[in-house]
Amino acid sequence: MSTMSESFATAGSLIVAADANLLHIVALSLQVSLTAVFLAACLGLPIGAAVAVGRFPGRKPLTVILNGMMGLPPVVIGLLVYLLLSRAGPLGSFGLLFTPTAMVIAQVVLITPIIAALSRQIVADAWRDYEEQLRSLGASTPRAALTLLVDTRFSLSTAVLAGLGRAVAEVGAVMIVGGNIDGVTRVMTTSIALETSKGDLPLALALGFILISIVLILNALAHAVREWAVRRHG
């Protein structure tokens with residue numbers, strides 16, 4: 001019991017003292033995840049809106065695929081990106097494997113379907129309400145999709161935050177393509193796994209507290225944005 005109490009106390013002291021190693025790991029985690037979410041949003045939001053508004057062959061199967069890809073196994077994504085970036089892979093000449101860039105790529109592949117599927121549902125709901133009005137104004141399909149993206153931006157922010165929460169908590173894919181190299185590609189989730197296996201519970205606990213706090217803050221922020229949008233726009 002004393003050992004566990006000491007671990008918690010030491011973890012708290014690491015956070016309060018702003019331990020340099022701890023801060024570096026947290027900063028790298030946020031850098032990788034925020035970059036990945038930005039790129040995934042640039043891809044996922046237009047894809048979701050296009051599927052919601054467009055009328056083209058294969059639209060329904062594509063919707064099913066997008067929804068199904070929300071549950072992609074992270075280790076499989078990590079393996080595929082590893083093969084893509086490995087020396088024998090098509091992008092091996094760029095030397096991206098075991099770098100933060102490789103981790104960003106893996107997270108983008110993982111969370112783009114999440115953002116695309118959630119945004120498709122949000123835009124589809126708005127499309128049912130405004131389709132007749134937009135058609136009467138002569139809006140083309142791309143223009144209608146863009147208009148709905150802007151109109152539902154507050155609801156879409158929850159989809160982006162969901163993607164960020166998924167990215168920052170990811171461990172399998174980033175460990176495979178990043179290698180968990182100290183000072184280079186070691187992020188919160190991979191550090192927690194490593195430090196726990198080594199028996200260094202204080203650092204693992206400190207990172208765990210921070211990770212849980214980030215996830216809770218993201219969920220609270222998403223809820224607050226959704227509630228504010230409902231009150232403001234109905």
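**Salt bridges, a surface patch and a cavity**

Trainee: Is Arg-186 buried or exposed?
Mentor: Buried means under 20% relative accessible area, exposed means over 50%, and partly exposed is in between (1.4 Å probe, protein chains only). Arg-186 comes out at 14% relative accessibility, so it counts as buried.

Trainee: What kind of model is this?
Mentor: Residues are numbered from 1 along each chain as its sequence is written, and side-chain values use heavy atoms, with hydrogens and water left out. Local features need pLDDT of at least 70, side-chain atom pairs count only at pLDDT 80 or more, totals for chains, interfaces and linings use all residues, and the model is predicted.

Trainee: How many salt bridges does a search of the whole structure find?
Mentor: Among them is Arg-166 with Glu-170, at 3.2 Å between the closest N and O atoms. Arg-166 is partly exposed at 27%, while Glu-170 is buried at 3%. The count for the whole structure is four.

Trainee: Which helix gives the most to the nonpolar patch?
Mentor: Patch residues have over 30% relative accessible area and no salt bridge; like charges are joined within 9 Å, nonpolar side chains (Val, Leu, Ile, Met, Phe, Trp, Tyr) within 5 Å. Areas come from the Shrake-Rupley method with a 1.4 Å probe, and for residues only the protein chains shown count as cover. This patch has about 800 Å² of accessible area together, with members including Leu-80, Phe-98 and Ile-176. Six of its residues come from α4.

Trainee: What is the phi of Phe-98?
Mentor: Phe-98 is in the loop between α4 and α5, partly exposed at 35%. Although not a glycine, Phe-98 has a positive phi of about 65 degrees.

Trainee: What volume does the largest cavity have?
Mentor: On a 1 Å grid over the protein atoms alone, a cavity is a set of points where a 1.4 Å probe fits but cannot get out, and lining residues have an atom within 4 Å of a point. Points are joined across faces, edges and corners, and a volume is the space filled by probe spheres set on them. One cavity reaches 30 Å³ or more. The largest has about 40 Å³.

Trainee: Which element gives the largest share of the lining of the largest cavity?
Mentor: Residues there include Ser-29, Met-103 and Glu-170. With three residues, the largest share comes from α2.

Definitions and conventions. A salt bridge is a side-chain nitrogen of Lys or Arg within 4 Å of a carboxyl oxygen of Asp or Glu. Helices (H or I, at least four residues) and strands (E, at least two) are DSSP runs, numbered from the N terminus. On a 1 Å grid over the protein atoms alone, a cavity is a set of points where a 1.4 Å probe fits but cannot get out, and a pocket is an open set with protein on both sides within 12 Å along at least five of seven lines; lining residues have an atom within 4 Å of a point.
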